[in-house]
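Reader: I am new to this structure. Please take me through it in short steps.

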Amino acid sequence: LGGPFFKANAPGKNRNKFENSSPCPTPSSRLTSGLQTIAKILDSGRVCGVPTDTVYALAASCKHPEAIESIYNIKERPAEKPICICISSLDQLAAVRPPFS
């Protein structure tokens, strides 16, 4: 199944809790500061893990196609298998320009 997804910080090392070698940081979404961190990660074109009601989901901004490609690489998902997008308005859907009508 591969190596560990996250590496534990060595004791005594003061690293930023969101600065890790993981391809997908997972800041807490329970606090406003965590949500702001998630928004910054997505806006910078990176992939982020976000908790759902049952599992963690990988999230990326549609503004960054390279981040979407990273999700496929992280999950080892075939390119022909689509992924879900979440939007809050039809304007967002128009901005994404999905390959369907």
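Reader: Which residues of α1 are buried?

Author: This is a predicted model, where local features need pLDDT of at least 70, side-chain atom pairs count only at pLDDT 80 or more, and totals for chains, interfaces and linings use all residues. Residues are numbered from 1 along each chain as its sequence is written, and side-chain values use heavy atoms, with hydrogens and water left out. Buried means under 20% relative accessible area, exposed over 50%, and partly exposed in between (1.4 Å probe, protein chains only). In α1, the buried residues are G34, T37, I38, I41 and L42.

Reader: How many helices and strands does the chain have?

Author: Helices (H or I, at least four residues) and strands (E, at least two) are DSSP runs, numbered from the N terminus. Along the sequence the pattern reads α-β-β-α-α. The count is three helices and two strands.

Reader: What is the reach of α1 from its first C-alpha to its last?

Author: The expected span of a helix is 1.5 Å times one less than its number of residues. α1 has 12 residues, and 16 Å is expected. Its reach is close to that, at 16 Å.

Reader: Why do the buried residues of α2 line one face of the helix?

Author: A67, I71 and Y72 are the buried residues of α2. On the other side of α2, P65, E69 and N73 are exposed. The buried residues line one face because, seen down the axis of α2, they fall within an arc of 155°.

Reader: Which side chain meets K63 in a salt bridge?

Author: A salt bridge is a side-chain nitrogen of Lys or Arg within 4 Å of a carboxyl oxygen of Asp or Glu. By this rule there is one salt bridge. K63 lies in the loop between β2 (56-59) and α2, and its partner lies in helix α1, 20 residues apart. At 3.8 Å, N to O, the partner of K63 is D43.

Reader: Is E76 buried or exposed?

Author: E76 is found in the loop between α2 and α3. E76 has a positive phi of about 55° although it is not a glycine. Most residues other than glycine have a negative phi. With a relative accessible area of 73%, E76 is exposed.

Reader: What is the relative accessibility of L93?

Author: L93 has its place in helix α3. L93 and C62 are 31 residues apart in sequence and 9.8 Å apart in space, C-alpha to C-alpha. L93 counts as partly exposed, because its relative accessibility is 24%.

Definitions and conventions: The arc is that of the directions from the helix axis to the C-beta atoms.
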